[in-house]
Amino acid sequence: MNIGIYGGTFNPPHLGHLLLAQSAADQLGLDVVLFVPAYVSPFKNHEDMLPAALRCEMVELALSDNRKFRGEYWEALREETSYSVDTVRYLAERYAEDTLFLLMGEDTFRDFHLWKNPEVIAGLAHLCVAGRPGHSPGDAQHAFADSAQRFTMPLVEISSTDIRQRVAAGASIQYLVPWTVQIYIESQGLYRNPRS
Ligand code: ATP
């Protein structure tokens with residue numbers, strides 16, 4: 001199988017995330033895309049960062065209508081900040097018979113060389129990068145730039161930051177997140193207070 005690994009904070013998951021994953025599945029021939037919400041320590045006092053359990057619940061809701069998409073909660077369940085290299089190593093062992101593709105947006109790829117052991121990651125998974133508004137392929141000026149596989153997606157200027165700000169301002173987030181996620185955010189009263 002061809003397996004996509006898609007890490008992020010997903011705070012909350014939005015249609016940009018889903019479009020990226022679906023575009024990757026179509027163009028790279030992926031059988032499965034694993035969404036991997038990052039654990040972020042509650043003691044770090046990240047403004048607006050919801051606990052991992054709530055972000056995992058939203059990811060689960062966001063993926064429920066796509067049989068190729070799955071939540072992979074290894075990082076969240078470890079309850080310690082994980083390096084991508086650890087996650088990719090774990091998945092490479094777990095899916096030893098399969099081919100791994102690490103998916104990310106252009107903004108994330110720009111700093112890929114600064115990650116822990118990027119050469120190990122690149123040895124275990126194909127690096128696959130989607131465009132993002134405001135970021136061009138030339139942004140990544142590092143040794144991994146030429147070997148990364150590019151795929152296209154409908155460019156959407158949606159970010160979790162914008163969604164959190166909209167909720168805090170009382171504005172609508174309809175059509176920016178899956179309706180299941182919208183209802184969850186509304187019913188739980190998430191992001192209403194900028195430090196919720
Ligand atoms: P925040 O605004 O909180 O920083 P975000 O919207 O960038 O969040 P993340 O969960 O941090 O979302 O992103 C996970 C991955 O998805 C990253 O690789 C990022 O580049 C990519 N991504 C997120 N939104 C988009 C988008 N609209 N278009 C393309 N890539 C995206």
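This is a predicted model: local features need pLDDT of at least 70, side-chain atom pairs count only at pLDDT 80 or more; totals for chains, interfaces and linings use all residues.
**Entry 1: S160**

I then placed S160 in helix α7, which covers residues 160–168. Setting aside residues up to four places away in sequence, I listed N11, P12, H14 and H17 as the residues that S160 touches.

**Entry 2: the sheet**

Next I traced the strands. I found an open sheet of 6 strands, paired in parallel, with the order β3-β2-β1-β4-β5-β6. Its edge strands are β3 (69–71) and β6 (149–151), each of which pairs on one side only. From one strand to the next, I noted an average twist of 30 degrees. For background, I recorded that the strands of a sheet pair through backbone hydrogen bonds, in either a parallel or an antiparallel manner.

I then examined one pairing in detail. Strand β2 (residues 32–37) runs parallel to β3, and 3 bridges join the two. Within β3, R70 is the residue that stands opposite L34.

**Entry 3: helices across the sheet**

Helix α4 (residues 84–94) lies across β1, β2 and β4, and it runs at about 150 degrees to β4.

**Entry 4: A21**

A21 is buried, with a relative accessible area of 0%. Apart from neighbours within four places in sequence, its contacts are Y6, V33, F35 and F69. I also looked up the separation of A21 from G4: their C-alpha atoms are 8.1 Å apart, although the two residues lie 17 residues apart along the chain.

**Entry 5: nonpolar cores**

Which residues touch the most other members of the largest nonpolar core? I found V33, F35 and L103, in a core of 39 residues. The elements giving two or more residues to this core are α1, β2, α2 (52–63), β4, β5, α7 and α8 (179–188). A second, separate core holds 23 residues, including L91, M104, F144 and A145. In soluble globular proteins, nonpolar side chains tend to be buried together.

I listed the contacts of V33 as well. Not counting residues up to four places away in sequence, V33 touches G4, Y6, A21, A25, K68, F69, R70 and L103.

**Entry 6: aromatic pairs**

I noted 8 aromatic pairs in the structure. Y6 and F35 form one that is edge-to-face, with 5.3 Å from centre to centre and 65 degrees between the planes. Because Y6 lies in strand β1 and F35 in strand β2, this pair ties together parts that are 29 residues apart in sequence. Both partners are buried: Y6 has 6% relative accessibility, and F35 has a relative accessible area of 2%.

I then turned to F112 and F144. Their ring centres are 5.1 Å apart and their planes stand at 85 degrees, so this pair is edge-to-face. F112 lies in the loop between α5 (106–109) and α6 (118–124), while F144 lies in the loop between β5 and β6, so the pair ties together parts 32 residues apart in sequence. F112 is buried at a relative accessible area of 0%, and F144 counts as buried at 14% relative accessibility.

Lastly, I recorded a cluster of Y6, F10, F35 and F69, linked by ring pairs.

Key
Residues are numbered from 1 along each chain as its sequence is written. Side-chain values use heavy atoms; hydrogens and water are left out. Buried means under 20% relative accessible area, exposed over 50%, partly exposed in between (1.4 Å probe, protein chains only). Contact means heavy atoms within 4.5 Å. Helices (H or I, at least four residues) and strands (E, at least two) are DSSP runs, numbered from the N terminus. Two strands pair if DSSP finds at least two bridges between them. Axes are lines fitted to C-alpha atoms, for helices over the stretch in contact, and angles run from 0 to 180 degrees between N-to-C directions. A nonpolar core is a set of buried Ala, Val, Leu, Ile, Met, Phe, Trp, Tyr and Cys residues joined through side-chain atoms within 4.5 Å. Rings of Phe, Tyr and Trp (its six-membered ring) pair if their centres lie within 6.5 Å; planes under 30 degrees apart count as stacked, over 60 as edge-to-face and the rest as tilted.
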